[in-house]
Amino acid sequence: MKSRALWGIALAVGMAGAAGAAERGPVTYAADINFAEDGSVAESLTGKPGNPENGAQVLAQKKIGNCIACHQVTALKDYPFHGEIGPSLDGVGSRYSEAQLRGILVDAKKTFEGSMMPSFFKTGGFIRPGIGFTGKPAKEPLPPLLTAEQIEDAVAFLMTLKDE
Amino acid sequence: MRRKAFATAALVALGLAGPLSADPVDDKLIVNGETELVTHTKAPDYIDGLDEIWSGWAFRAAETRAIEADDFDNPGMIFVEDAEAVWNRVEGGAGKSCASCHGDPSSMKGVRTVMPKYNEKAGDLWSLEDYINDCRVNRMQAEAWGWNDKDMVNMTALISVQSRGMPMNVAIDGPAKPYWEKGREMYYTRTGQLELSCANCHEDHYGDMIRADHLSQGQINGFPTYRLKNAKLNSIHARFKGCVRDTRAATYKPGSPEFHALELYVASRGNGLSVEGVAVRN
């Protein structure tokens, strides 16, 4: 968090158009989202409960959520190489409500200002968005990093991670 | 980071540390048993986000670190030898080689330490590649090399080796200042669908693991760098491009004004670290 203040400065400078690099469109999501004051999202994105087994795959697989790139999760210890960028998710289902976890997955910056965590349901409002990992420029709206179903599955899995 | 280092030290003292510590390794890099390189020192005072600066060498596995310590083991040195042959090769309408004007490559000693720098005549910020192409086109009347052509990257390596062990010392004031400021702005701008800035990983989280990768400070004093991943020398701008692409962003082109500015800013974050000529990384 050393540089949160600096990001603020950088973004402010960027938005003044100094390099023309920081132009961006309005922030959009893959569906209408009602964020509560604390960043949580009460309504299910699919209108039905998620599948925790599929949710485990969303967290573990590089091609899906790749959440363990940054977070350690003991329940997923069979999948190698857990990162240490964000906090461990052990017990996260006891620390947060379902609505809070959903809000963090949809757009973590609404809960934790300046969070490094990507906004998994966001489709617009990026600086220099690219098409996947090709390096080529993309037109917004982009497909979200995770679908509504994948987010609900991940939430269902996270809710199973209770303190002992 | 710093807090974690203390915590790790405390755990080690208590005998509780796990087998893996992700912090940079405070080891000495002595090349060929004779040239000691500075891989860890105090950060320049104009870099607010860092107290200490570390070469990427300190974040690599013991085996990778050992390869760089011996020129016979360092595969990057084969490309330096290739560049030596090109140095002496006559090309272009003027019937000249690099050696015709510059003599031995050792005449390039110190050049790498101040790159990129503002070129008065051109009125622009020039990287080593720009100086090489200026020689090729205007003095040799030969064709310009592409930024990432093998001959170009190898030649920057040959020139870098001449400064091995000398501290990076790019100028950030005077006419270089606007470029440096633009580079700094880029460093802290969160780009792409993943909304990541250089600083997110390389200032706030150096030393941490991101999946199987050990994040370094992204220093460029060791460039061009031999990567085990692609078994060739890699230019600074090619590496920048790979990093920007990995934020799911639209990249800039190697040789673009943006990457020139970013190169100056990132180089300045490493002022004081030795030119490695040539580094070995993952």
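Is Arg281(B) buried or exposed, and what is its relative accessible area? I looked this up and found Arg281(B) buried, with a relative accessible area of 12%; buried means under 20%, exposed over 50% and partly exposed in between, with a 1.4 Å probe and protein chains only.

**Conventions.** I note that the model is predicted, that local features need pLDDT of at least 70, that side-chain atom pairs count only at pLDDT 80 or more, and that totals for chains, interfaces and linings use all residues. Residues are numbered from 1 along each chain as its sequence is written, chains are lettered from A and ligands numbered from 1 in the order in which they are written, and side-chain values use heavy atoms, with hydrogens and water left out.

**Salt bridges in chain B.** I took a salt bridge as a side-chain nitrogen of Lys or Arg within 4 Å of a carboxyl oxygen of Asp or Glu. Over all chains, the structure holds 15 of them. Arg281(B) pairs in this way with Glu276(B), the closest N and O atoms being 3.1 Å apart. Glu276(B) is buried, at 1% relative accessible area. I also found that salt bridges with shared partners join Arg89(B), Glu91(B), Arg136(B) and Asp151(B) into one network. Within it, Glu91(B) and Arg89(B) meet at 3.1 Å, N to O. Glu91(B) counts as partly exposed because its relative accessibility is 21%, and Arg89(B) counts as partly exposed at 36%.

**Glu129(B).** I located this residue in helix H5 (residues 128-139) of chain B; helices are DSSP runs of H or I, at least four residues, and strands are runs of E, at least two, numbered from the N terminus. Glu129(B) is buried yet has no salt bridge, and the nearest side chain of opposite charge, Arg112(B), is 8.0 Å away. For opposite charge, Lys and Arg count as positive and Asp and Glu as negative, while His and the chain ends are not counted. Beyond its neighbours within four places in sequence, Glu129(B) is in contact (heavy atoms within 4.5 Å) with Trp147(B), Met152(B), Thr156(B) and Ser235(B).

**Interface of chains A and B.** I found 39 residues from chain B and 48 residues from chain A in the contact. The two chains bury about 3,600 Å² between them, 57% of it on carbon and sulfur atoms; buried area is the accessible area (1.4 Å probe) lost on putting two parts together, summed over both. The rule finds two salt bridges across this interface. Glu195(B) and Lys122(A) meet in a salt bridge at 2.9 Å, N to O.
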